[in-house]
Amino acid sequence: MTTSTRGAHRTPAVLVLEDGRIFRGRAYGAVGATFGEAVFSTGMTGYQETLTDPSYHRQVVVMTAPHVGNTGINDEDMESRRIWVSGYVVRDPARVPSNWRSTRSLDQELAAQGVVGISGIDTRALTRHLRERGAMRVGIFSGNALPDEGTMLAEVRQTPEMSGADLSAEVATTEAYVVPAIGEKKFTVAAVDLGIKGMTPHRMAERGIEVHVLPATATVDDVYAVEPDGVFFSNGPGDPATADHPVSVMQGVLERGTPLFGICFGNQILGRALGFGTFKLKYGHRGINQPVQDRTTGKVEVTAHNHGFAVDAPLDQVSYTPYGRAEVSHVCLNDNVVEGLQLLDRPAFSVQYHPEAAAGPHDAAYLFDRFVNLMEGQRA
């Protein structure tokens, strides 16, 4: 339940973690109560893209950068039709936005979309707590929704955990749509929407690809009804262990040998389709400054991330799967988490991070060219 109020910046607010840790601050955005999984994002910019990334559905995002909102909000940088975070935590919000593209302030947008936030708390202490204890359930309470501490904690502990959450269908399109190629059309791609960001089909369109975006419920027959040269599986929220339907569809694509590319949730789907397990990370990777090594070239890239789960695949050996040999193609240099997979005997690969990289960095944009190369090779 949320209500917006013009006096939100003066309204007391409380953030309560499921382990009992409490932070007190001021309401930011909408006033009310909200719940989700507390995670932190290390990006110093790109907050609008973060807020509208469907992968953040049911998460309360803590910004580690202390000053947030100075560039306001515009209508060009939205990654989807709405804000998806369930709550927002900042230390020092901008009082007045200052950017020539800004049409409204961040707190106005949060209030307009009913997103409850909190400001004025020590986000450094909160981030350190989440690093030590791990991502956990959280509630933000303000205004008339501010009960006693015991009640708040009980309400937080009654909310569902992210483990076991099946969320992709909640954020995906319900109707198929087409993003036309920019310039000459060279290929057709069927993109299974598990929580796709708007920049992803745009990056493909820039390369002459006509993208048919399909609902998360699409079947193998739906995929091949568009006569695709390649198939793409998008990013998205939730626990990949629940995604049995997308795994089944991907296995159908692998059986046919169609060029395949997956991003983020799509990487976890490929891992499961190949027979690997997945697991929940302690506090995940979120931000636009994560170092990843492409093991096929040795190159180190600075990349954009948003994932709380990872694929459990061996880093030091080739694996044998029902679809041929597979190997880990990318790895995070912070903690050796699997960041990419590729098949050696079929045209399929995936990465755990976001090469479309709105709002940056753009080190990994070459992966879309790699997808094009696979389709060119298949056609030849």
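**Stop 1: a salt-bridge network**

Select Arg-203 and Glu-206: they form a salt bridge, with the closest N and O atoms 3.5 Å apart. The term means a side-chain nitrogen of Lys or Arg within 4 Å of a carboxyl oxygen of Asp or Glu. This is a predicted model, in which local features need pLDDT of at least 70, side-chain atom pairs count only at pLDDT 80 or more, and totals for chains, interfaces and linings use all residues. Residues are numbered from 1 along each chain as its sequence is written, and side-chain values use heavy atoms, with hydrogens and water left out.

Check the surroundings of this pair. Arg-203 is buried at 15% relative accessibility. Glu-206 is partly exposed at 39%. Buried means under 20% relative accessible area, exposed over 50%, and partly exposed in between (1.4 Å probe, protein chains only).

Helices (H or I, at least four residues) and strands (E, at least two) are DSSP runs, numbered from the N terminus. Arg-207 is buried at 18%, while Asp-369 is partly exposed at 36%. Keep the four residues selected: Arg-203, Glu-206, Arg-207 and Asp-369 are linked in a network of salt bridges.

For another salt bridge, select Arg-104 and Glu-109, at 2.5 Å from N to O. Is Glu-109 buried or exposed? Glu-109 is buried, at 8% relative accessible area. The whole structure holds 19 salt bridges.

**Stop 2: helix H8**

Select residues 244-256. This is helix H8, with 13 residues. From first C-alpha to last it reaches 19 Å, close to the 18 Å expected at 1.5 Å a residue. The expected span is 1.5 Å times one less than the number of residues.

Colour the buried residues of H8: Pro-246, Val-247, Val-249, Met-250, Gly-252, Val-253 and Leu-254. What do the buried residues of H8 pack against? Their partners include helix H7 (220-225), strand E14 (230-233), strand E15 (260-263) and helix H9 (265-273). Contact here means heavy atoms within 4.5 Å.

Step past the end of the helix. Gly-257 follows H8, and its phi is positive, near 80°. Then show Arg-256, which lies over the face of Tyr-224 at 4.0 Å from the ring centre. A charge sits over a ring if NZ of Lys or CZ of Arg is within 6 Å of the ring centre and within 35 degrees of the ring normal.

**Stop 3: aromatic pairs**

A search of the whole structure finds six aromatic pairs. Select Phe-35 and Phe-141, an edge-to-face pair at 5.5 Å centre to centre, with 80° between the planes. Rings of Phe, Tyr and Trp (its six-membered ring) pair if their centres lie within 6.5 Å; planes under 30 degrees apart count as stacked, over 60 as edge-to-face and the rest as tilted. Phe-35 is in strand E4 and Phe-141 in strand E10, 106 residues apart. Phe-35 is partly exposed at 25%, whereas Phe-141 is buried at 0%.

Finish with Phe-232 and Phe-261, whose ring centres are 5.6 Å apart and whose planes meet at 65°, so this pair is edge-to-face.
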